[in-house]
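Morning, everyone. I have one structure to walk you through today. Please have a look at the screen.

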Amino acid sequence: QVQLVESGGGLVQAGGSLRLSCAASGSIFSINAMGWYRQAPGKRRELVAAINRGGNTKYADSVTGRFTISRDNAKNIVYLQMNSLKPEDTAVYYCNTGTISIATMPGGSWGQGTQVTVSS
C-alpha cells in the first residue's frame, strides 16, 4: 500500500500562486505515475496534472500554461506549482498514483487532500 500526504494549500487572491506537495511512502516501488486531482463542491473529481517516472506530463486544458507538475523521484514527492490562480481553481486537491502509467491513474488510495481557496 502507498500512503500519500498532501500539503501546501491555503487561501490566495486571484492571480496569486501556491505550491502543493505530496509525499508518498509505503510500497513506493510500485509507483510509476503521480499526479493531482481536484474536487470542487458539487462537482466530480477531475485530473489536474500527472507526471510519470520518466518526466512525461499531462495537464487538464483548464490549467495548461498556469500549473506545472514536477517530482523528486529520490524523495518520492510530487509538486504542483500553481500560478495565475483563478476563483474557479478553488477545490480540494488530492494526490494519487498509477502503477504502470498515467493512464492507470488513479490507482491507489487517496490522501486527505488540501484545500485551495482563491478569492476574487
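S30 is partly exposed, because its relative accessible area is 26%. On the terms: buried means under 20% relative accessible area, exposed means over 50%, and partly exposed is in between, with a 1.4 Å probe and protein chains only. Where does S30 sit? It is found in the loop between β3 and β4, and β4 covers 33–39. Which residues does S30 touch, leaving aside neighbours within four places in sequence? They are V2, G98 and T99. Contact here means heavy atoms within 4.5 Å. Take G98 from that list. S30 and G98 are 68 residues apart along the chain, yet their C-alpha atoms are separated by 8.3 Å.

A word on where this comes from. This is a predicted model, in which local features need pLDDT of at least 70 and side-chain atom pairs count only at pLDDT 80 or more, while totals for chains, interfaces and linings use all residues. Residues are numbered from 1 along each chain as its sequence is written, and side-chain values use heavy atoms, with hydrogens and water left out.

Now the whole protein. How many helices and how many strands does it have? The count is 0 helices and 10 strands. In sequence order the pattern reads β-β-β-β-β-β-β-β-β-β. Helices (H or I, at least four residues) and strands (E, at least two) are DSSP runs, numbered from the N terminus.

Next, the dimensions. The C-alpha trace spans about 40 × 25 × 25 Å along its principal axes.

What share of the residues is buried? It is 43% of the 120 residues. Now the contacts with a separation of 6 or more: residues 24 or more positions apart account for 56% of them.

The accessible surface comes to about 6000 Å², and 50% of it belongs to carbon and sulfur atoms. Those areas come from the Shrake-Rupley method with a 1.4 Å probe; for residues, only the protein chains shown count as cover.

Charges next. There are 11 positive and 6 negative side chains, and the centres of the two sets lie 4 Å apart. Lys and Arg count as positive, Asp and Glu as negative; His and the chain ends are not counted. Each charge is placed at NZ of Lys, CZ of Arg, CG of Asp or CD of Glu.

Now the disulfide. The structure holds 1. A disulfide is a pair of cysteine sulfur atoms within 2.5 Å. Which residues form it? C22 and C95 do, with their sulfur atoms 2.2 Å apart. The pair links distant parts of the chain: C22 is in strand β3, residues 18–26, and C95 is in strand β9, residues 91–98, 73 residues away. The link is left-handed, with -85° about the S-S bond. Both C22 and C95 are buried.

Stay in strand β9 for Y94. Y94 counts as buried because its relative accessible area is 14%. Beyond its neighbours within four places in sequence, Y94 has a list of contacts, among them E6, G35, W36, R45 and W110. Y94 and G35 are 59 residues apart in sequence and 8.4 Å apart in space, C-alpha to C-alpha.

W36, on that contact list, lies in strand β4. W36 is buried, with a relative accessible area of 0%. The C-alpha atoms of W36 and L47 are separated by 6.2 Å, and the two are 11 residues apart along the chain.

Last topic: backbone geometry. Most residues other than glycine have a negative phi, and most peptide bonds are trans. Which peptide bond is cis here? The bond from M105 to P106 is, with omega near -5°. P106 is found in the loop between β9 and β10, which is 114–119.

Then positive phi. N76 is not a glycine, but its phi is about 55°. N76 is in the loop between β7 (67–72) and β8 (77–82). At 13% relative accessibility, N76 counts as buried. S84 also has a positive phi, near 50°. S84 is in the loop between β8 and β9. It counts as partly exposed, at 41% relative accessibility.
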